[in-house]
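Colleague: Hi! Could you walk me through this one? I'd like to start with a detail and then step back.

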Amino acid sequence: MNRIRITLTGIACVAALGLAGCGGGGSYGGGSDSTASTATDTSTVKVSDSPLGGILVDGGGRTLYLFTADGKNTNSMKCDTSCLKLWPPMEGKPKAGSGADAGLIGTTKGSKPQATYAGHPLYYYAKDKAPGDSKGQGIDGIWYVLGAEGKANKASLPSADDDGTGGYGY
């Protein structure tokens, strides 16, 4: 009977160790990540060439936007919870990359500081899926990309080709 109890205890320990190694927790676990195509690199703000001219992007090339209703007061953000789902903020304080002015980079106040440029809180557009996408440009006449000087770039994207792809192949 003791022999059976020891064997069962040993089997239970081995099984428990095996299950512990299979945990799916943490940000390093396997499986699919639905945001992989929209990964952000908030460590840097830089200027990138685009069909709109030189615009601000993050370290991974994701386009950054300003919300004109925010104004230049970094503590007057007007984007509410439902807005933030479509326009997630760039959080933290990035460093200046190529073409960006380090003196224009700042953050909002609060428990989760949002990156700012020339006083404008910075946002991503959730429907931009690849570096260089700027599908949020001019939406509702209130969302715009920023140029290196920190002002809204209100230029329109080139018009769509006959196939409706906007000339970009997507």
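Colleague: Which residue is the bridge partner of G106 in β6?
Modeller: That is T116. Keep in mind that we are looking at a predicted model.

Colleague: And how many bridges hold β5 and β6 together?
Modeller: β5 pairs with β6, residues 115-117, over 3 bridges, in the antiparallel sense.

Colleague: What sheet do they belong to, and in which order do its strands come?
Modeller: An open sheet of 3 strands, ordered β5-β6-β7 and paired antiparallel. β5 (105-107) and β7 (120-121) are at the edges; each has a single partner strand, so one side of each lacks a neighbour in the sheet.

Colleague: What joins strands like that in general?
Modeller: Backbone hydrogen bonds pair the strands of a sheet, in a parallel or antiparallel way.

Colleague: Now the big picture. How many helices and strands does the chain have?
Modeller: It has 2 helices and 9 strands. From the N terminus, the order is α-β-β-β-α-β-β-β-β-β-β.

Colleague: And what share of the residues counts as buried?
Modeller: 32% of the 170 residues. The chain exposes about 9900 Å², with carbon and sulfur atoms supplying 55% of that area.

Note on methods. Residues are numbered from 1 along each chain as its sequence is written. This is a predicted model: local features need pLDDT of at least 70, side-chain atom pairs count only at pLDDT 80 or more; totals for chains, interfaces and linings use all residues. Side-chain values use heavy atoms; hydrogens and water are left out. Helices (H or I, at least four residues) and strands (E, at least two) are DSSP runs, numbered from the N terminus. Buried means under 20% relative accessible area, exposed over 50%, partly exposed in between (1.4 Å probe, protein chains only). Accessible areas come from the Shrake-Rupley method with a 1.4 Å probe; for residues, only the protein chains shown count as cover. Two strands pair if DSSP finds at least two bridges between them.
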